[in-house]
Amino acid sequence: MEDHQEKNGALAEAVALREQGRREEARERLVALAAQHPDDAEIAYQTAWAHDVLGLEAEAVPYYERALAGGGPAGAGLSTEDRRGALLGLGSTYRILGRHEEAVTLLTAAAEEFPEDGSLRTFLAMALYNTGRHHESTRLLLRLLAATSEDPSVREYRRAIEHYAEDLDAIE
């Protein structure tokens, strides 16, 4: 029990350091903590995030992948919100690293798992663009714009935007 409390305390301290802007110190502590607890999905996720905020995307990938693997026998998986964040983080990181097809595959599944999350669809649209699927990318963004915009002029033309999103080459 004490090990669990000690681990959670160390994790909370490292996250607090990141939130205070002491990102490198947070990363170092999280790397050590992840080495001590390789099956802990939450620690892996926080370690990935700590690398990402420092622009160390390639180093973040194995931690994101470990976090999404479910935590193993010793640890619980991620909360729903952290799972969503890890999927977004890994998909975005794949895209930044030029692993565009992997980003599309991951973000497509994530957008299906979390259909209410517009950020996942936005990052999916960017990855689709990177794979040359410009129509699909634009269609996805237009649908998202029509569904979520509070701009009165966009709201006024919502039905037209949704219609043309289905066939971008239509010239009626």
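**Helix packing and burial in a predicted chain**

Modeller: The axes of α4 and helix α5 (residues 80-96) cross at roughly 145 degrees and come within 9 Å of each other, where axes are lines fitted to C-alpha atoms, for helices over the stretch in contact, and angles run from 0 to 180 degrees between N-to-C directions. This is a predicted model, in which local features need pLDDT of at least 70 and side-chain atom pairs count only at pLDDT 80 or more, while totals for chains, interfaces and linings use all residues. Residues are numbered from 1 along each chain as its sequence is written, and side-chain values use heavy atoms, with hydrogens and water left out.

Biologist: What makes the meeting of α4 and α5 a contact, and which residues take part?

Modeller: Contact means heavy atoms within 4.5 Å, and by that rule E57, V61, Y64, E65 and L68 in α4 meet R83, A86, L87, G89, L90, T93, Y94 and I96 in α5. These residues divide into eight nonpolar, two polar and three charged, with Ala, Val, Leu, Ile, Met, Phe, Trp, Tyr, Cys and Pro counted as nonpolar, Asp, Glu, Lys and Arg as charged, and the others, Gly among them, as polar.

Biologist: Why is R84 called buried?

Modeller: Buried means under 20% relative accessible area, exposed over 50%, and partly exposed in between (1.4 Å probe, protein chains only); R84 has a relative accessibility of 16% and therefore counts as buried. R84 lies in helix α5, and, leaving aside neighbours within four places in sequence, R84 is in contact with F114, D117, S119 and L120.

Biologist: How do you know whether α8 and α10 are roughly parallel or roughly antiparallel?

Modeller: Helix α8 (residues 134-148) and helix α10 (residues 158-166) pack with their axes 9 Å apart, at an angle of about 165 degrees. Angles under 35 degrees count as roughly parallel, over 145 as roughly antiparallel, 65 to 115 as roughly perpendicular and the rest as oblique, so α8 and α10 are roughly antiparallel to each other. The contact is made by R139, L142, R143, A146 and A147 of α8 and R158, I161, E162, A165 and E166 of α10, and these divide into five nonpolar, no polar and five charged.

Biologist: What is the orientation of α6 relative to α7, and why?

Modeller: Helix α6 (residues 100-113) and helix α7 (residues 118-130) pack at about 150 degrees, with their axes 9 Å apart, and that angle makes α6 roughly antiparallel to α7. Residues that meet here include L107 and A111 in α6 and L120 and F123 in α7, and the contact as a whole divides into 10 nonpolar, three polar and one charged.

Biologist: How do you know how many helices and strands the chain has?

Modeller: Helices (H or I, at least four residues) and strands (E, at least two) are DSSP runs, numbered from the N terminus, and by this count the chain has 10 helices and zero strands. Of the 172 residues in the chain, 38% are buried.
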